[in-house]
Structures are given as C-alpha cells and as structure tokens.
Amino acid sequence: MDKNVQEERFIEVIKFTPPLYKQRYQFIKDLVGKYKPKKVADLGCADCTLLWMLKFCSCIEVLAGLDICENVMKEKMHRLYPLPGDYLQPAERSLTVTLHHGSVAHKDPCMLGFDLITCIELIEHLEESELEKFPEVVFGFMAPAMVVISTPNSEFNPLLPGVTPFRHPDHKFEWNRAEFQKWALNIARCYDYSVEFTGVGAPPTGMEDVGFCTQIGVFVRKYSQTSETALSEKPTKAAYKTVFKAVYPSLKDEKYLQIAVVSEVVFTAQVIKRSLMDHLNSEHEEYTDGPVEIKSKFQHSKNCVSEDLENLTVEKCMEPYVSGNVVYIPLTKIFSFPKVNQLCGTFEKLCKLITGKITLSSDGSAMVIDTKQKNEEEEN
C-alpha cells in the first residue's frame, strides 16, 4: 500500500490541512524556491509525486529519482513525460528527468554532482544493514551541497489512533526527536555538514511539547567540493538500472530554438503586414473620391514602382513597404520586437536561424510576403 495512503488512514482525529504528505513536498518546493538548485535527486521517490511537482520549478535542469521498488515507479512515471505544450512553447532552461531502480545502500556514479538530495520518509524503511551504509553513500559518496531527510516523530504517535506500533507496516523503526537528532548530528560531524532541525505537521494547541508529526533535518555541506574531490576514488561501475528518461524540449537546443524563432518571426511579420495594409487601405478609401492626382499618388505609394526604391538596401530602412503584391518587411524591424529580440539575442543569430526557412529578399535583408496569396488563403 502507498505510504501516503497508509498514513492518512491513521490520522483520523488530527486533521492536517493540507495533508501531511503535501506539507512535506511543499517544504521541499519552498527550499528549492529559496536556494535554486539546478540538479535535484529524490531517494525513495516511490510514485514520483515529488519529482512531478519539482519539474515545474524553472531553476531545475536535472531531476533524478531512485527507488527499490521498480513497479511503484513505473505505475506513475508517465507523469514525468513532456506535455504537448512543452513542445509548442519550449522553456528557456533544459530539463532531463531520469528514474533509477536500486538501493540507497549502493553507490552509482549517476548520482554524483547533485545540488540537493531529498530523502522523504525513507530512512525508517531501511534495514539495519542499509541504514549503516546510508551515511557513507549519501554524504560521503554523493556529497551534494544539501540533503533533506524527513522521518516520523514517534513522540507524536500517541495522538494518532491506530498506530501500533508504527505508522506503516514496512517501517523498521520510528525515532523520537532526541534519537533522530543524535543520529543526524553524528553524520554532520563525520562528513563536514551543518544540520538544522524543523518539521511539518504542527501538534494541536496545548500539545506543542510533542513536536512536529514529521521531523526534518536539513544538512548543508560546509566545504565547496572541487572537481578533483568529486572524482577522486569514485567508482565508475553502475549499480542502478535506469527505467525512465525524458529530455524536455528547450530553447538551449538550436533545433527547438529555430522552430520558436521562425514561428515568432512569421507571426510578427503578419502583424506588421496587417498594420501596413490597413493603413494603406484607409488611405485609399480617403482618396477614392478625391482628385486624380491624389489617387495617382496613393497608387505610386502602394506599388512602389520607383527604380530608386527598388534598388535600396532594405536593411537601411526600418519601415516595411509594398511593391505590387509583395510586402517587404526589413529584418531590422522584426528584430526590434521584444519577443524576437529576446529569443535571438543578436541580429546575426536571427539571420542564421531563419535562413532557408523563410522567404527573404534578394539581398537577404527583408522578409517577403505575397499579399495576394495570403488574401486568397484568408478567403478560403
């Protein structure tokens, strides 16, 4: 049975709002929002709920999950795939999500280099031999900048009807606050971390002395790990089995950036073209009943038949113009729009990304739109 569901069965009298497991996940989300880690791993990820929540955090570029139960991960891992909207509007950041089947008692190089590792309601499920190896694997080998460990506070159990002796049948132990803090402080000393204690699930008024329902230790590494330290004496043999991997579309990938830029350029050009044509049409309506010389002037403006104008380099002019049934929109004009500018960064990048994808003038300085063809398409 899912550990969150089992936990909710026991909490009958004391109602946590939001539910306790959501408070734990929100604690991690708040921590991520504060410290902005780029690489996050969840050990004991189970049904991948926390990973699913974290994939929406824009600072995270790498997400990894590890669990001993492969089937539990596979039941819900589909939630970690990119959505159609992720392809229609790729994010600026890159994001890779992987799930691994394995034990936290084993070392695997795929878990190196993480900024934050979370162990939410994990350690109480470990056998004694696994718990003995856990500190060396997580703090000695993985050595992330920050580790968050949550575990039940046994002092709270008398307030939970039906808890005999533990909150979950798979728990091997449940510590009180003194036991957890003693264990955590010893790890912090051994591996050069600092640790602060907090929790979620506040007790009822008048019973504050029992502490939080879930106790949490937040470990922060005291030293800055160098690349040499990270690579020294690290095994290269894989101990985990990768069961899932998803690479999200990103504007950092030039393929997706080009698609986004071309789409935005076409949209921007259509906006400019529509504005220009509306302006010209309004002028035409204004001069329709006027003197022949004024109508002639408008016709000259609309067709731009002047050889001098035809021979001008369009990029020297920011303004679009019409020649026959063709609208010429200078790339400099398109680049001046904030969204295009933001996507490309430089004018040279814009030119590189749209070359061969969009019809340009002979000198390559303007986008060319056939107004007659577009009007026919709009009518259809």
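This is a predicted model: local features need pLDDT of at least 70, side-chain atom pairs count only at pLDDT 80 or more; totals for chains, interfaces and linings use all residues.
Salt bridges come to mind first. The count is 11.

Start with Lys74 and Glu70. Their closest N and O atoms sit 2.8 Å apart. Both residues belong to helix α4, which covers residues 70–76. They are four residues apart, about one turn of the helix. Here is the general point. An α-helix has 3.6 residues a turn, so residues three or four places apart point the same way. Now the exposure of the two partners. Lys74 is partly exposed, at 40% relative accessible area. Glu70 is buried, at 16%. The cut-off for buried is under 20%, so Glu70 falls on the buried side.

Next, Lys172 and Asp170. This salt bridge has its closest N and O atoms 3.0 Å apart. Lys172 is partly exposed, with 33% relative accessibility. Asp170 is partly exposed too, with a relative accessible area of 34%.

Third, Glu319 and Lys333. Their side chains form a salt bridge at 3.9 Å, N to O. The cut-off is 4 Å, so the pair is counted. This one links distant parts of the chain, 14 residues apart. Glu319 is in the loop between α11 (307–311) and β9 (321–323). Lys333 is in helix α12, residues 331–335. Glu319 is partly exposed, at 46% relative accessible area.

Which residues are joined by salt bridges that share partners? They are Glu70, Lys74 and Lys241.

Buried or exposed? His100 is buried, with a relative accessible area of 5%. Its side chain makes a polar contact with the side chain of Thr98, at 3.2 Å. Another polar contact, also listed at 3.2 Å, goes to the side chain of Thr242. Leaving out residues up to four places away in sequence, His100 touches a list of residues that includes Tyr240, Lys241, Thr242 and Val243. Also among them are Ala64, Gly65, Leu66, Asp67 and Met73. Cys110 and Met111 are on that list as well.

Now helix α2. This helix covers residues 20–35, 16 residues in all. From its first C-alpha to its last, α2 reaches 23 Å. That is close to the 22 Å expected at 1.5 Å a residue. Which α2 residues are buried? Leu20, Gln23, Arg24, Tyr25, Phe27, Ile28, Leu31 and Val32. Just after α2 comes Lys36, with a positive phi of about 55°.

On to Phe197, in strand β6, residues 193–200. Phe197 is partly exposed, at 30% relative accessibility. Not counting residues up to four places away in sequence, Phe197 touches Phe180, Gln181, Ala184, Leu185, Ile216 and Gly217. Take Ala184 from that list. Ala184 and Phe197 are 13 residues apart along the chain, and their C-alpha atoms are separated by 9.3 Å.

Last, the cysteines. The closest cysteine sulfur to its own is in Cys351, 8.8 Å away. A disulfide needs sulfur atoms within 2.5 Å, so this pair is too far apart for a bond. Cys344 is buried, at 8% relative accessibility. Cys190, by contrast, is exposed, at 53%.

That's the tour. Questions are welcome.

Key
Residues are numbered from 1 along each chain as its sequence is written. Side-chain values use heavy atoms; hydrogens and water are left out. Helices (H or I, at least four residues) and strands (E, at least two) are DSSP runs, numbered from the N terminus. Buried means under 20% relative accessible area, exposed over 50%, partly exposed in between (1.4 Å probe, protein chains only). The expected span of a helix is 1.5 Å times one less than its number of residues. Contact means heavy atoms within 4.5 Å. A polar contact is a pair of N or O atoms within 3.5 Å; within protein, one must be able to donate a hydrogen and the other to accept it, and residues adjacent in sequence count only if both atoms are side-chain atoms.
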